[in-house]
Amino acid sequence: MAEIDPIALELMNNSLSSTTDEMMITTHRTGYSGSIKYLIDFSAALFNARGEMIAQGVGMPHHLGAMPGAFEAIVRKFGDDIHPGDLIALNDPYDGGTHLPDIYVFKPIFFGLERVGSAVLMAHHIDVGGRTPGSMAADNTSIHQEGLRLPPLKLHDRGVPNQAVFDIIGKNVRAPDKVFGDLRAQAAACAIGERGVLALVHRYGLETVQRTWDALLDYTDRMMQGVIREMTGGAYTFEDFVDDDGMTGEPVRIAVRLVVTEDSLAVDFTGSSPQAKGAINSTFSYTVSCVQSVLRCLLPPETPNNAGAFRRIKVTAPEGSFLNPKYPAAVAARGVTGCRVDDALFGALSKALPHRIPAANDGGNTSMRMAGLDENGRQYILMEVVCGSRGGRPNKDGIEGINNPNQNLSNTPVEALEADFPVRVNQYGFVPDTGGAGQYRGGMSLVREWEYLTDAMLQVRADRCRFVPWGTQGGRPGTPSENLLNAGSADVQRLPSKFVRDVHKGDRFRHVSPGAGGYGDPLERDVHGVLEDVLDEKLSLDYARRVYGVVVDPTTEKVDLEATRLERQRLRARQPSIN
Amino acid sequence: MSIKPEGNAVLVGVDIGGTFTDIVAALPDGRMISAKVRSTPRDFSLGICDGLRQLFKARDGLAPVVQLNHGTTVATNCILERKGARTALITSSGFRDVFEIGRVRVPVLYDLQYEKPPSLVERRWRLEVRERIDAHGHVVTSLADDDVARHLDHADEKGIEAVAVCLLNSYVNPAHERQIGRLLSERPGLYFTLSSDLLRELGEYERTSTTVLNAYLMPVVSRYLDRLRSGLRDLAFAGDLMVMGSNGGLMDVETATEQPAFMIESGPAAGVIAAQAIGRVSGYLNLITFDMGGTTAKASIVEDGNVSESPELEVGGGISYGRKLVGGGGYPVRATVIDLAEVGAGGGSLVWFDQAGGLHVGPRSTGADPGPACYGRGGTQATVTDACSVLAYIGDAIAGGSVPIYREQAQVALAGQVATRLGKPPHEVAYGVYEIAAANMMRAIKAVSIERGRDPRDFTLIAFGGNGALFAAQIATAMRMGTVLIPPLAGVFSVIGLLAADVKNHLVISLKRKLNALGPGDLSELVGAEEKDYLERLRSRGRGVMALERTVDLRYAGQNYHLAIPVPAGPLDANAHAQFIAAFHEAHRKTYGHHAPGEVVELVNLRLTAVERPGIASEALSRMAQCAHPLSSGPQDSVTRPAYFGPEAGWLSTTVLRTRAGVPEAGIAGPVIIEEYDATMLIPPGWRARLDSHQNVVLTTGRQSNG
């Protein structure tokens, strides 16, 4: 193990993370599509020559563990045929990618003739062709419906743009100006990564830099080792479900078995459902990536973000299961599966570390595409996500209006939507009496309602309509998500969790995100916490009484302590003694 | 176009910080007098008046003072300590939670214990009214007046002090907000802010946040400025009281009271303005400013003599380093501000270890109380200042002898807490702490330079604040910057900026046009009409305008971020039109490393800045600052003491000068320490110091630079 002065380590870590920050900022400021400029659905990372990640920007945790797979695909394809000035892209899930909209752009970094590492910027593109605008339909049944597959290829070959590739992309995607603009931003970010790494090499010398990178990886590994040693050895199992695969309506099972030994963690998904017909299949690289992002949450947030965290972690999933699918399974909607992998693994961890792990989060964002032709006959694609809430924690409430910890997307300003697309938003806010009750309650559901000003296509990928986020340590489960067409009218329609359909001018689509799970017995919740929630209209008077046993007098706006004591006594007596 | 104090006119600058209040007066005879007094956090105006009384005790009160320019942390503190008004927010029906939801991203990954900043307005006070205006400004649903009345009655009853109003699409059509404004103005004693009065920009969350912060600050700032005015009146002050804005311009008290959200970075902005002014006089047009105090270090950039601006600021989220992308740690304020990056590294930053044995410095800080261990006031945890003491960079006392330094206590703190763990002697660990602190602060400097595509080697580092000059050479070495400038009065430098700043008024007009669809004639007409309108409105309010600056915000059509491009004065003929478009392509290339000359450029905003009254001209200011220095006071004899410069150089006998006047004409080679009243300067080995004709200490090194 490389021994380096802690001071030199801290200096190196600061230098690397300011470079990845810079890559993120450049992409954000110069991107064209809503995916980049509003949702921030992209990630930056730096790799050493061996393809190990040495730094990560504040992007999407789920993206990053999948990058080594991309790196391997590139090496498999090109071997030593990688040169200064090359810019390599790929998106094929069966050749290094995870789903087609995510295009990886790699820039190998050379010091003289030696390849010393690479800079990577992965971005979710607004469209890569295929059956539906946005290339995200959950009811695809084959990768060939999902869009343009890019095996590892050279966008730039020794500095020269490969025009044929750009021409093919231009003919196959629905919004080429946006795709090309975003690819330019990715290339610029990679150039910044290259500059940052070379500045370090010039300053300290290659040998010192590489030794310090190794020491940084070792350092993060030691941190993970410390965490594993805190855990009680043994096997912990958990299961969770995706509502359906977008095609058959059947629940899809994730079974996880976490084995903790003194020095390692093994995560096995044997017993999970077979490969799904619809597009919720998650490539093995993505499954691994999600596992890693969950386990990374066990380290202090300020720990250097690098691949050292994962040396002691082994992941297995049966080939042909929906967590390790075979060609030509469709994978566009794998994001929801990844979130359920997180939930299942957090569930297993909550048995190993009950006082550290929160109740289940919302279960992942809901993704929505609206598309049609504008008045000039040009294709528009509106891409939105609804991000909801986090579960109750061992020492405090969950949070509403936030990403779960393993995704980090943003919402789109309502005013920007309305200025750029034929749509109006009628509501965006919290839904009272949602989320799981608990001593520390889960975050509430969010509602967003769109009203369509023209006919359009609507594609939605939601989940947790049936299998709600779990509570823990006596906390109640969260609340289901809902998809409603024309809510509040006579012809209201309940829509499935995942669908593609036409909507007409005047139609209103209303999505309620899942409410997160609660932690601990609701009857142990601080009465003043309940009162505050009632006064803030997050809980109704009736719910406070029924679920928390807290009696609030609406005129004095105070808790009736005596009535509350009796009510809680009564509820406790009725509680089955399961906890 | 600059004024000099004429006749017996006196101009005064007052900057309040957490510990000290600095006051500098520019006298008619060209001298400057200054006072440093303890701040009085419970009511800062008391400390100010006290200081003024001391400063002017030999005179007849403040009668000769024509203008007092004030830099203040009152707004920032109010947000950080959550001591603002009880505030309600009026929103469009269906959107009360926009302010709490924010942009849902978090600034730190993998943190299960993350907390969002608590909403400044509780949900019960986020009140919805039935109304709707669409993106084109058409009314979809008329405003229900009775909703407003009902809410306001309830708010009155419950003691709400301030109301923020932000309705959807009001940036296109403010009619409903104005209607609510009329209903609000019928209720005297209630402070209120309409989003459309503050800014006309798309983005409901950012606009709401700006509006809420403004309303939240209004009563506090207004009461504070009232107290200050009354205190000043008692001292016979009859001049104009001006307040520094985050954009580096001064505003009158009325504007400050109505728009306190725009004075949040008041003090730090003043430091950048000072750097710009002194740089211009001394021939340094490209500067990176480095302002280091007790808890934070701030950096900004001056390019071709111009300060760098940013369209947004995030407050209340702790420390930022240009992390606009990873926002979410605080509340955004949409306003043109001087672009500052800030990191939690200062003299008081604490030294600590994590569980894997990693050594860290900051961002936690000891604060003013108890302070670093070496202050001998009960502090036991090692800080950056303790490291400097162990290294002998600071001597037996600082601040002109008023704060004694107990070096042995610093030794004990570092040895006990850190050195034993690392198995190294305290001075080696102290040097490591010094290096890490410098590296942390470099992130701020990189954020304003490298991250904006600027190579720091093309810039001179100007260091100020209580601790800036101790770290400047170290940072410059690491960033390969060849020159460091330490201006006169470095320890109270922000006040110089208060005296240099212009009184300014700003307007942003949202235009959103594609430039290819707009001929030069159209553009000239559009801009001309807006200008004329703006100037007329200013004149009708009795404001003189000495100069008008114009900037346009441009981006490639489809992008979300713009770059600000200055527009030359006069009519926009085809030539000028082509020139500023070319300037945009070039700025994009320079900032982001790529551009797309074939793409359509979109005009987002027109920004107009009216200079109503200029500050003291840089020349005069520089002359005064030089005189203010105690050039010949105190013993001049140099002494030496050993100081430690890292494992390679070791302990070196180091010359210690009492003032910069002790620097010989031919310059002096490091290691040298200059201990002045307000700041200590460190010239390490490998660096030379000389005095230029403007009394700046100029540090240079052989190693560098782009030249």
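A residue is called buried here if 20 or more other C-beta atoms lie within 10 Å of its own, exposed if 12 or fewer do, and partly exposed in between, with the C-beta atoms placed from the backbone. The structure is a predicted model, in which local features need pLDDT of at least 70 and side-chain atom pairs count only at pLDDT 80 or more, while totals for chains, interfaces and linings use all residues. Residues are numbered from 1 along each chain as its sequence is written, and chains are lettered from A, with ligands numbered from 1, in the order in which they are written.

Chain A has 13 helices and 22 strands, where helices (H or I, at least four residues) and strands (E, at least two) are DSSP runs numbered from the N terminus. Its C-alpha atoms fill a box of roughly 80 × 60 × 45 Å along the principal axes. The radius of gyration of chain A, 24 Å, agrees with the value near 25 Å that a compact globule of 579 residues would have; this radius is taken over C-alpha atoms, and the globule rule is 2.2 Å times the number of residues to the power 0.38. Of the 579 residues of chain A, 61% count as buried. Two residues are in contact if their C-beta atoms, placed from the backbone, lie within 7 Å, and of the contacts in chain A with a separation of 6 or more, 73% are between residues 24 or more positions apart.

One pair of helices can be followed in detail. Helix H6 (residues 176-204) and helix H7 (residues 206-230) of chain A pack at an angle of about 120 degrees, with their axes 7 Å apart; the axes are lines fitted to C-alpha atoms, for helices over the stretch in contact, and angles run from 0 to 180 degrees between N-to-C directions. On the H6(A) side the contact is made by A:Leu200, A:Val201 and A:Tyr204, and on the H7(A) side by A:Leu206, A:Thr208 and A:Val209. These residues divide into five nonpolar, one polar and no charged, where Ala, Val, Leu, Ile, Met, Phe, Trp, Tyr, Cys and Pro count as nonpolar, Asp, Glu, Lys and Arg as charged, and the others, Gly among them, as polar.

Between the chains, 63 residues of chain A are in contact with 54 residues of chain B. On the side of chain A that touches chain B, at least two residues each come from helix H1 (6-30), H6, H7, helix H10 (414-420) and strand S14 (423-431), and H1(A) gives the largest share, 14 residues. That side of chain A divides into 32 nonpolar, 15 polar and 16 charged residues.

Some backbone details remain. Most residues other than glycine have a negative phi, and most peptide bonds are trans. The peptide bond from A:Tyr327 to A:Pro328 is cis, with omega near 5 degrees, and A:Pro328 is found in the loop between strand S11 (313-316) and helix H9 (334-352) of chain A. In chain B, a cis peptide bond with omega of about 10 degrees joins B:Gly670 and B:Pro671.

A:Glu557, although not a glycine, has a positive phi of about 55 degrees, and lies in the loop between strand S21 (552-553) and strand S22 (558-559) of chain A. A:Glu557 is exposed, because 12 other C-beta atoms lie within 10 Å. B:Tyr110, also not a glycine, has a positive phi of about 60 degrees, but B:Tyr110 counts as buried because it has 24 C-beta neighbours inside 10 Å.
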